[in-house]
Amino acid sequence: MSDDDQRDQTPAAPAPAGPEPEPIRFFGTTWVDHDGGYALRRVAVGAGSIVTAVAAAVLLRLSYEGLEIGNVGPFLSISVVVLFAIASAIAFVKTWDSFSRRPAPSSDEAALKGLKTIGFIGSLIAYFLRCFAEAPGEKLRRAEYERATAEFARRRSARTGNPAARRPKRKK
């Protein structure tokens, strides 16, 4: 028996019974029914993000002290602090917005990627705060999933049987 014959005899995967929910990072699809350790995952993601943000802030503080030891001058020291503050604020706002809406295909998200990387503390704080209410991005994905499920149910209910089994219309 050749490989082609074996492939032809394998049963086909069953068709999905509806739209599949989109997984969320760290949560998978547990957000749909809030099962599979969903609450524990929310606590873990929130705690992990705030611990990482605090560690990053300590690292930035040490970097700032290195600038002070290096005696680079007040202009550069203040510029570094202002840069990280602005970048963190922008990263926080962009991350928070991404939880409630998808970016437009031609948006400036790619251009702000470097700025969001510099202001990663703002993104971590946004994750921490969002974990108090829901999994980050759950509201957006739930709305999309419920819309797709309703659309699928509407399409399924409109069918009236197998179109191939219909009799041809009689000619008059």
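Colleague: How much of the chain over residues 72–93 is helix and how much is strand, and how far apart are the end C-alpha atoms?

Modeller: Residues 72–93 are 91% helix and 0% strand, with 31 Å between the end C-alpha atoms. UniProt, in an unreviewed entry, places the feature "transmembrane region" here and also at residues 39–60. Over residues 39–60 the chain is 100% helix and 0% strand, and the end C-alpha atoms lie 32 Å apart.

Colleague: What makes helix 2 and helix 3 roughly antiparallel?

Modeller: The axes of helix 2 (residues 38–69) and helix 3 (residues 74–98) cross at roughly 160°, coming within 10 Å. Angles over 145 degrees count as roughly antiparallel, and therefore helix 2 and helix 3 get that name. Their crossing is right-handed.

Colleague: Which residues meet there?

Modeller: From helix 2, Leu60, Tyr64, Leu67 and Glu68 meet Ser77, Val80, Val81 and Phe84 of helix 3. By class, this contact has six nonpolar residues, one polar and one charged.

Colleague: Why is helix 2 called roughly antiparallel to helix 5?

Modeller: The axes of helix 2 and helix 5 come within 8 Å and cross at roughly 155°. With the cut-off at over 145 degrees, that makes helix 2 roughly antiparallel to helix 5. This crossing is left-handed. Among the residues that meet are Ser49, Ala53 and Leu60 in helix 2, and Ile121, Leu124 and Phe128 in helix 5. The contact divides into 12 nonpolar, three polar and no charged residues.

Colleague: And what makes helix 3 oblique to helix 5?

Modeller: Here the axes of helix 3 and helix 5 cross at roughly 40° and come within 7 Å. Roughly parallel would need an angle under 35 degrees, and roughly perpendicular runs from 65 to 115, so helix 3 is oblique to helix 5. Helix 3 passes helix 5 in a right-handed crossing. Residues that meet include Phe92 and Trp96 in helix 3, and Ala126 and Arg130 in helix 5. That contact has eight nonpolar, four polar and one charged residues.

Colleague: How do you know which element has the lowest confidence, and which the highest?

Modeller: From the mean pLDDT: helix 1 (residues 3–9) is lowest at 55, and helix 5 (residues 120–130) is highest at 93. Where pLDDT is low, the predicted coordinates should not be read in detail. For the chain, the mean pLDDT is 84, and 85% of its residues reach 70 or more.

Key. Residues numbered from 1 in each chain as written. Predicted model: local features only at pLDDT ≥ 70, side-chain atom pairs only at ≥ 80, totals over all residues. Heavy atoms only, no water. Axes fitted to C-alpha atoms, helices over the stretch in contact; angles between N-to-C directions. Helix = DSSP H or I, 4+ residues; strand = E, 2+ residues; numbered from the N terminus. Left-handed = near helix turned anticlockwise from the far one by under 90°. Contact = heavy atoms within 4.5 Å. Nonpolar A, V, L, I, M, F, W, Y, C, P; charged D, E, K, R; others polar. UniProt positions renumbered as here; feature names shortened; annotations may be inferred. pLDDT = per-residue confidence, 0-100.
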